[in-house]
Amino acid sequence: MHIRRKPTPYRLFYNSAADNEQAALDRFFSETAENIMLLPKRQRTAILEDFEKAFVYYGKNGISAEDAIKRLSYASPGDFYSQTPTDWYPLDYAAKIYPMSMNSRWMAVFRLSVYFNADIVPELLQIALIGTIKRFPFFATSIKKGFFWHYIDSARHRFISEPESKRPCAPLNISTSSSQLFRVVYYKERLSVEYFHILTDGTGGMIFLKTLAAEYLRLLGVNIPAGGGLLNVNDEPTESESENAFEKVASADSSAGFAAKNAVQLRGRISRVVPARIIHFEMDSSRLVETAKERNCTVTALILSFMLEASKAASEESKGSIQIQVPVNMRKYYRSDTIRNFTMYGYISVPRSEVGTADTLLPEVTRQLAQITSEENMRRMVTATKNLVKYLKFIPLFIKQPIAAIIYSKLADDVFTSTISNLGVVVIPDEMKPYVKKLDFVLGTGVKMRATCSMVTAGSVTTLSIAKQTYDRSFETQMRRLLIEHGLEPVLSGSEEYGIKDNISPSRRAVEYLAGGAKNHFVSAIGFFVNKRRRKRIDRG
Amino acid sequence: MFLLSAFSLISAVVNVSTGGKAWSLIVVAGAWMFWLNIVKKPLIENSAANRLSQLLLSSCATLMVIDLIYGSGFMHLVLPILMFSMLIILGAIFFLNFRKQRRNLMPLYYMVGGAGLTVLGAFIGILRFNWATIVLAGISAFYLAISIIWFRAPLLTELKKRFHVG
């Protein structure tokens, strides 16, 4: 018996097209199929279906097949998939620590989002991603384990965009060779890309996001010229874009030390699921700049002084210093086109007992900030990192990895109260401005650090985001108070946008308390037998 | 992890208190094997070939511990049989789908390395030299030969990546 199948939406679109358009569609699909011939069958089918869905979307919106072919041809994969990839990349100096320190619950992830004026069209976003990834071969990779170090190996498969279903900056599944080292997600009008930090830093991530957003808008019929940190997807990638730019930095005479004393930590029990809260403060960027200018400091220094005051109010430890980590973009000092990591960090430190009001802290914060972000200091940090890599290079990974995980938790987290990463002003091309409402940047939480702050300015809006590991609200409440007191009138948004409940139920709180309590008792018991000093610290905590 | 460590520790304490053969080492090896293959989820390169070779190598290690403690001598035969069986499976996964697996060849060559050590063990008298060892040596040599003849370039590239120090 012959079963008559219902025609697919694409078949209906195809049938409705004129003869010459049908021929053009056939040509388009046969060329695309040829370009992706090396992919496994399932992925080839999926990519062809992606294009079919895009055609159907265009058909429903009254765009002619000819125009649709023109738009989609520009985003076609070209010869990206037509050869077996051979490129591989050793991790850059900043990235080496991330795969060694990650675990099933924590991974160094950050997220950049762009908010459009209308809801995302998933069909076109998927095509935009197919079109964009060929311009970023360094992003079309997976992570592999070498005998001495991890490395990044090029991979060719269908890269996917998906509706948002997880908390921001959730660990990525990178366990197979077809896993992505970044995640493209969308929710209503928000398009977000979450990156595993081994791949890139905020600057590189922003170039990818802007290029993807521009490609998406082009598919919607808005042409955005390349330039200003936005790449043309059909240009050839250059070698300098995937260089390890740290190699450019000449070694300093002396190297900086990584370690410092343990910092004061914010109060609150670390939640089992992180981030427990996310808060965005949107402010008028010109008012923020004016406020900083009035006080003769930079915007970063102003926010740092707010963070110091808020940290004091949100912590209980009476001794120790409040130490805030500040990533520094090395492109400021060394010209580089790299879209990989090229960031080092410094930190400012003020004894908790000396932390007064934000305004009184400003001179000291400004002085320390200028000192730690100086080229000389950054060069010393790079030298220290290079030396460390040199000393460890012949130690097998299976020995290095567990030690590195412990050291990272100690060096990167225990020694900092919080962190602030300011991406600065992101230039949005004029042609793009009418379609983009704002950008935001969320830095994933640390291993133990209770709060991480991140900031980005686009157009007239500066968004300060705080990702929290605890449900304790003291820090963000203080930050909000300080922003209001300084006339910045922050507009608050956050957790509820991501489906995170701010008020956890009493039963869930009890479960978290008991789970945390059981763990603490176990640690205390071990500490009792092993280390008296450690036991004292746990009791204090 | 904590539970398995605690379990192993308790076994060791009971074993030391009661005396006799060091059976607690088998408990420790079993707990480690359970943790490695069941509890721990590899975060990177969690491929079937990797999991299989990990399972086999940990099984071999556990078998060696059992044999060392109870001295029944089954390891001399079982170990090479297990290894060549696994080599055949990994070889089939790799060579039958070379285009896809060419960048995933290390589990096979780690296994060949393990087989080489086993054969070396037989040569220097730690293991008995028997038919299984000969088969194991033969299969390993065969894989090495076809790799050198047909897959020299990808193999060298892969080795360069895997053993880079920069």
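Which domains does the domain assignment of chain B give? The assignment, which is automatic or taken from a database, gives domain 1 (1-40) and domain 2 (47-162). Before the views, some housekeeping: this is a predicted model, where local features need pLDDT of at least 70 and side-chain atom pairs count only at pLDDT 80 or more, while totals for chains, interfaces and linings use all residues. Residues are numbered from 1 along each chain as its sequence is written, and chains are lettered from A and ligands numbered from 1 in the order in which they are written.

**View 1. The two domains of chain B.** The C-alpha centres of domain 1 and domain 2 of chain B sit 27 Å apart. Their contact (C-beta atoms, placed from the backbone, within 7 Å) takes 10 residues from domain 1 of chain B and 9 residues from domain 2 of chain B. On the domain 1 side, that makes 7 nonpolar, 2 polar and 1 charged. Here Ala, Val, Leu, Ile, Met, Phe, Trp, Tyr, Cys and Pro count as nonpolar, Asp, Glu, Lys and Arg as charged, and the others, Gly among them, as polar.

**View 2. Chain A as a whole.** Chain A has 15 helices and 15 strands (DSSP runs numbered from the N terminus: H or I of at least four residues, and E of at least two). Its radius of gyration is 25 Å, close to the 24 Å that the globule rule gives for 541 residues, so chain A is as compact as a globular protein of that length. The radius is taken over C-alpha atoms, and the rule is 2.2 Å times the number of residues to the power 0.38. The C-alpha trace of chain A spans about 80 × 55 × 55 Å along its principal axes.

**View 3. An open sheet in chain A.** Here 7 strands line up as S10-S9-S11-S13-S14-S8-S15, with mixed pairing (strands pair if DSSP finds at least two bridges between them). At the edges are S10 (343-351) and S15 (491-494), each pairing on one side only. The twist averages 20 degrees from one strand to the next; axes are lines fitted to C-alpha atoms, for helices over the stretch in contact, and angles run from 0 to 180 degrees between N-to-C directions. Helix H10 (residues 358-372) of chain A packs on the sheet, touching S9 (321-329) and S10, and its direction makes about 150 degrees with that of S10(A).

**View 4. Strands S8 and S14 of chain A.** Strand S8 (residues 277-284) and strand S14 (residues 461-468) pair in the antiparallel sense over 8 bridges. Look for A:Ile278 opposite A:Ala467.

Technical notes
Two residues are in contact if their C-beta atoms, placed from the backbone, lie within 7 Å.
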